Amino acid sequence: MMMKEAWKYRMIPVALMLLLSGCGHFTELVEHVASKQETTAEETQAILETTIPAEQVVEPADSDAMRIELSQGAAALGFAHLMEESELGATQGDYHFDLKSSEAEVLSDFITGAADVAVLSPESAARAYHDAKDGAVIVNINAGNELYCITGNSELKSFQGLKGQTVLSVGQGEQPEYVLRYLKSQYGTQFDVQYTSIEDITAQLTADPSKAAIVAEPDASSLLAGVPGTVRAFSLKDSWENVTATGSLISSVTLVHRNDYENKRSSVDHLLRETAMSIVKAERAANQTAKLAGKFGITQAAVVPLALPYANLKCITGDQMKSQIGAYLIAIAEADSAAIGRSIPGEDFYYGYVVTEPEESSSVSRYDDAASYGNDSEDEDEDEYENTESKKREDTDTEQDQKQDDIKRENHTKRENETEEEGEKKKSDEKKEEGEKTHESEKKTETSEKHVEIEEAQRPAETAASPAPQPAAPVGPDPSAAPAGPGASDDLLQGGPMG
């Protein structure tokens, strides 16, 4: 179970042996091979196609193996340990890995049936769903966000800061273009994008570090290591979640043909289980992962320890996988429906399998040598890998639920605050109005009281100023009175004493 290109080289001696008995092109083949110290893959293929009749081409011994294609990138790091175990024959499943330089090649091979399994972006997987003759089924999410903004401009902190610039990127017609298009439409931020190679981006940033580049891991870490003064300004995951209420940025999924889903269920289950364990090993043993990445041509070994913390490797399956991919594809389709093919895939696009504990089998690879796997202890086994992966999925669920709750809570709190502010203002206005009324009433009461006081104060003065009433003088003599003496009438008239 070796890499495809290596197999081609080993097939040349076999082909020569087959041709010894009369093939007319034998001499031509021998002379061509003998004249070169090394033969490239393209030359080898050309030799086989032009000199060996189709009926005589020998298929590899592992022709029944599951042919897995993936491109160079962060997701491939998660498969590095499985690739190694497959070469050693230490896996439950039978796999044949083929690493491609671009996602377009992987997608093409899957659609034509040259690959049984493809590691692709969700957009490419959706196109395969529509275009592959026997359909396609996603079995897991193997990587979350891998996209980052790299720049030497210390003032650039967010997606809005790209306004008016010419941003460098890799991946025209692939996920980076679709994600940027969606985010530009959501933020209303306009800028130009120059799609080029990572080598050209490195050269441009070296000449002018103030430029900005949107690239995926491990290219992002490669730029940081190779261009002095550059920093990881922001993650497009954060930019995405700031404007998208549901779902998250997903970079890579694992895709199988519907026939395999229906007829080779156990093989797909083995792949899921062993992929989950490989991802855990990739993150736990960064140094070993780096060696394997260099061995299989995934990326430079020195970059791997820098890239792994930002690669967001994971193995999400089942309902969570379905809901996350569905939300992601709906968002991408809003900006460009052509990115996902003709329409949003149906429910038959999703594999309902959930990773469980692996079956006990002597063929399952166990790493009892702690030295070869960094922090792995001698007692670690597949159960621990599965438990770790389950915990990661739970943490991811909790984190995403928490973020959604936070958004809802923030909006609810905002509404409550607005309502509360309106209520307080209303209360304040009512209180002010009531105070004014009270003040006016008190003022009236005070004025009334003063009037009463004034009236009361004036009343005694008026009473004192008026003479006391005198009894009326009798008219005529009092018949009961004694006869008056001489001069009595004069005394009464003058008010003098009587007697």
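Helix H9 gives the largest share of the lining of the largest pocket, five residues. Helices here are DSSP runs of H or I with at least four residues, strands are E runs of at least two, and both are numbered from the N terminus. The model is a predicted one, so to speak of local features takes a pLDDT of at least 70 and side-chain atom pairs count only at pLDDT 80 or more, while totals for chains, interfaces and linings use all residues. Residue numbers run from 1 along each chain as its sequence is written, and side-chain values rest on heavy atoms, with hydrogens and water left out.

Back to the pocket. Its space comes to about 1000 Å³, and 39 residues line it, with Gln-72, Gly-73, Val-170, Glu-217 and Asp-219 nearest its centre. Two or more lining residues come from each of strand S1 (66–71), helix H4 (74–87), strand S3 (117–120), helix H7 (175–187), helix H8 (198–207), S8 and H9. A pocket is an open set of points on a 1 Å grid over the protein atoms alone, where a 1.4 Å probe fits and protein lies on both sides within 12 Å along at least five of seven lines; lining residues have an atom within 4 Å of a point. Grid points are joined across faces, edges and corners, and the volume is the space filled by probe spheres set on them. By type, the lining splits into 17 nonpolar, 16 polar and six charged residues. Ala, Val, Leu, Ile, Met, Phe, Trp, Tyr, Cys and Pro count as nonpolar, Asp, Glu, Lys and Arg as charged, and the others, Gly among them, as polar.

Pro-218 sits in the loop between strand S8 (212–216) and helix H9 (219–226). The side chain of Glu-217 makes a polar contact of 2.7 Å with that of Arg-232, a polar contact being a pair of N or O atoms within 3.5 Å, one able to donate a hydrogen and the other to accept it, where residues adjacent in sequence count only if both atoms are side-chain atoms. Arg-232 belongs to strand S9 (residues 231–235) and pairs with the side chain of Ser-221 as well, at 3.5 Å. Arg-232 is partly exposed at 21% relative accessibility; buried means under 20% relative accessible area, exposed over 50% and partly exposed in between (1.4 Å probe, protein chains only).

Asn-312 has a positive phi, near 55°, without being a glycine. Most residues other than glycine have a negative phi, and most peptide bonds are trans. Asn-312 is in the loop between helix H14 (304–311) and strand S11 (313–316).

As for packing, the largest nonpolar core holds 47 residues, and Trp-240 and Leu-236 are among those with the most contacts inside it. Such a core is a set of buried Ala, Val, Leu, Ile, Met, Phe, Trp, Tyr and Cys residues joined through side-chain atoms within 4.5 Å. Apart from it lies another core, of 38 residues, including Ala-75 and Val-119. Both Leu-236 and Trp-240 are buried in helix H10 (residues 236–243).
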